[in-house]
Amino acid sequence: MSDDAIIRVRGLVTRFGATLVHDGLDLDVKRGEIIGVVGGSGTGKSVLLRSIVGLLKPAEGQIDVFGQSVRDSDADDYRALRRRWGVMFQDGALFSSLSVRQNVEAPMREQLDLDDDLRALLAGIKVRMVGLPDKAQDNYPSELSGGMRKRAGFARAIALDPEIVFLDEPTAGLDPIGAAAFDTLIKQLQSSLGLTVFLVTHDLDSLHAICDRIAVLADKKVLAVGTMQEMLALDHPWVHEYFHGPRARAATPVAKPKETE
Ligand SMILES: Nc1ncnc2c1ncn2[C@@H]1O[C@H](COP(=O)(O)OP(=O)(O)OP(=O)(O)O)[C@@H](O)[C@H]1O
């Protein structure tokens, strides 16, 4: 176990009625890393994300972020915790009736006491940081492309200068060039802002390009966590198929020499 875990999950059990999603799940996320969370559809990646940020109450288990229990925090403590992370849900999850700037301002309005001009200025900076043109600030989500909406969602996630960002499938639905550009953006912001990134993804290219470690969800647990090289060596049917299947071979940046007999 690492001592520098910024997120620590122990014995997580999550149920929806008769459906058991997690059964004794453990995970440590280290400060400053990009951890990619992968697993088959319905294995509970998004549910894990939502549990860590306190939107779902687990049946059992302990979730600590910054050494503080998310579950046992009172309203004030939870509000202070939430200020230290940002979340980008699938598809950006923007408020459709608000402009991009107003979307980015929303967490600032909730958490910070700023005058209107300063809030707008800061929101504009976040919009630029994610590579959107200034004029996009006044656009509504419906007026943006999918990739721009995702960038706007990212701008909102970093609105409060968080230490951790949670990204739920940020490159889903993007063309390969747009997805690669988004990966680059994640990596740039992570290294320049010192972010810890919790990245739920199916995107093998993202895993190769930007993740320091990968956590595999299978059998209702984190089956394994480690580097890409460690994942490639694992002997588990789903993990093997995922990391060695045709899509994995296509995503591998440098072809490995074939073993000779
Ligand atoms: N609010 C909810 N109520 C009932 N069941 C839910 C709820 N949220 C998620 N589930 C169920 O929990 C399981 C895990 O869902 P989750 O969205 O975390 O999967 P996932 O691993 O993120 O999948 P995908 O890769 O397809 O997005 C699924 O069976 C889903 O139907």
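Two strands count as paired if DSSP finds at least two bridges between them. Helices (H or I, at least four residues) and strands (E, at least two) are DSSP runs, numbered from the N terminus. You are looking at a predicted model, where local features need pLDDT of at least 70 and side-chain atom pairs count only at pLDDT 80 or more, while totals for chains, interfaces and linings use all residues. Residues are numbered from 1 along each chain as its sequence is written, and side-chain values use heavy atoms, with hydrogens and water left out.

**View 1. Six strands make an open sheet.**
Follow the order S6-S7-S8-S3-S9-S10, in which the pairing is mixed. At the edges stand strand S6 (85-88) and strand S10 (221-226); each has a single partner strand, so one side of each is left without a neighbour in the sheet. From one strand to the next, the twist averages 15° (angles run from 0 to 180 degrees between N-to-C directions, and axes are lines fitted to C-alpha atoms, for helices over the stretch in contact).

**View 2. S6 meets strand S7.**
Here S6 and S7 (residues 164-168) run parallel, joined by four bridges. Look for Gly86, which stands opposite Val165 in S7.

**View 3. S4 meets S5.**
Strand S4 (residues 60-65) and S5 run antiparallel, with two bridges between them.

**View 4. Stepping back to the protein chain.**
The protein chain holds ten helices and ten strands. Its radius of gyration is 19 Å, close to the 18 Å that the globule rule gives for 261 residues, so the chain is as compact as a globular protein of that length. That radius is taken over C-alpha atoms, and the rule is 2.2 Å times the number of residues to the power 0.38. Of the 261 residues, 49% count as buried, meaning under 20% relative accessible area (1.4 Å probe, protein chains only).

Conventions:
Buried means under 20% relative accessible area, exposed over 50%, partly exposed in between (1.4 Å probe, protein chains only).
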